[in-house]
Amino acid sequence: MLISRRQTLLSGAALPLAAAAPSLVQAQAATATQPTHRDFTLGDFRVTTLLSGSRRVENPQGIFGMNVDAETFAAVSAENFIPTDAAQFFFTPTVLNTGSEVILFDTGNDAAGITAALAGAGYIPDQITHVVLTHMHGDHIGGLTDESGAETFANAAYVTGQVEYDHWAAAENEGFNAKVRPLAEKMSFLGDGDAVRGGVTATAAFGHTPGHMGYMLESGGSQLFLMADTANHYVWSVAYPDWEVRFDMDKAAAAATRRRVMGMAAADRIPLIGYHMPFPGLGFIDTRADDTFHFVPHSYQLI
């Protein structure tokens, strides 16, 4: 069940990804020729991934594989037909329509990007009943309010992890203060194993941030795991979970979480949605004999 509502406002903390968030112009240019949503079926649920933005990032080993040498990074990249001088980042919130609730997981970099993606999928912001924040990095909380500070999702209840909120509330940060603090009295808080509603269960996936959460969706005997930023690249992070990622705040814990989640998904054949996976973000995990993992993009399994 959800923990009681917060009555007092606390202070914020640093958002490492906020500085990396693309501008609206960048996001629009990057997504102009790409679809901005994709629907999937999970039992009685309709699951929709939203492309709220995308951008090119140079020098990817400055972000991924920081603890491996350049030759290893280049060899792995070549084996997977990807360049070593740039990567494409995707920002992919997810909508869950249960039939009685419309739940949005994360909000993208800004209000314009998320509302445009929602419109493409046939939703308006006022239809969102719950906004669930997996963690507090800027590219996940940016769409909570517009440039004037007005709530994007005026009819929604807000849900986030207690550990995550308490961490960011313990220090000062401009992004947290602007986006999350004004909504604190409307938020409910949960922990590992708590439910947002039936069929939506929080799972601790700490490391990327201190209270980073994933969410298991279950309906009609089928499961799907929203892994958020547990792994942020389908090769350099999924396949090689022990490779360090710059934005992981606790790198050892993040690596352990990646290995656990990838192992679970492979063993139980559970599809994953990753916030930064190539759009539409959904895929499966296979194990390799060399103790690595392989991301298998969704084709038509959940249509």
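Analyst: Two strands pair if DSSP finds at least two bridges between them. Strands (E, at least two residues) and helices (H or I, at least four) are DSSP runs, numbered from the N terminus. The structure is a predicted model, in which local features need pLDDT of at least 70 and side-chain atom pairs count only at pLDDT 80 or more, while totals for chains, interfaces and linings use all residues. Residues are numbered from 1 along each chain as its sequence is written, and side-chain values use heavy atoms, with hydrogens and water left out.

User: What makes strand 5 and strand 6 a pair?

Analyst: Strand 5 (residues 94-97) and strand 6 (residues 102-105) are joined by four bridges, against a requirement of at least two, so they count as paired. Their directions are antiparallel. Val-95 faces Leu-104 of strand 6, and Leu-96 faces Ile-103 of that strand. The two strands form a hairpin with four residues between them, and Gly-99 in the turn has a positive phi of about 100°.

User: Which strand also pairs with strand 5 over four bridges, and in which sense?

Analyst: Strand 2 does, in the antiparallel sense. Thr-48 has Val-95 of strand 5 as its bridge partner.

User: Why are strand 1 and strand 9 said to stand at the edges of the sheet?

Analyst: The sheet is open and has seven strands in the order 1-2-5-6-7-8-9, with mixed pairing. Strand 1 (37-42) and strand 9 (187-190) each have a single partner strand, so one side of each lacks a neighbour in the sheet. From one strand to the next, the twist averages 20°.

User: Which helices lie across strands of this sheet, and at what angles?

Analyst: Helix 3 (residues 111-120) lies across strand 1, strand 2 (45-50), strand 5 and strand 6, at about 135° to strand 2. Helix 5 (residues 162-169) lies across strand 8 (157-161) and strand 9, at about 85° to strand 8. Each angle, from 0 to 180 degrees, is taken between the N-to-C directions of axes fitted to C-alpha atoms, for helices over the stretch in contact.

User: Is Val-235 buried or exposed, and what decides the matter?

Analyst: With a relative accessible area of 2%, Val-235 falls on the buried side of the limit, so it is classed as buried. Val-235 sits in the loop between strand 13 (222-228) and helix 7 (251-268). Beyond four places in sequence, it contacts Val-76, Asn-80, Ile-82 and Tyr-240.

User: What makes both faces of strand 5 covered?

Analyst: Thr-94 and Leu-96 on one side, and Val-95 and Asn-97 on the other, are all buried.

User: What is the extent of the largest nonpolar core, and which residues have the most contacts inside it?

Analyst: A nonpolar core is a set of buried Ala, Val, Leu, Ile, Met, Phe, Trp, Tyr and Cys residues joined through side-chain atoms within 4.5 Å. The largest has 27 residues, with Phe-153 and Tyr-165 having the most contacts inside it. Strand 6, helix 3, strand 7 (130-133), helix 5 and strand 9 each give two or more residues to this core. Apart from it lies another core, of 22 residues, including Leu-42, Leu-190, Val-200 and Tyr-215.

User: What is the mean pLDDT, and where does pLDDT stay under 50?

Analyst: On the predictor's confidence scale for each residue, from 0 to 100, the protein has a mean pLDDT of 90, and 89% of its residues reach 70 or more. Over residues 1-31, pLDDT stays under 50, although the model has 97 contacts beyond four places in sequence for them.

How values were computed. Buried means under 20% relative accessible area, exposed over 50%, partly exposed in between (1.4 Å probe, protein chains only). Contact means heavy atoms within 4.5 Å.
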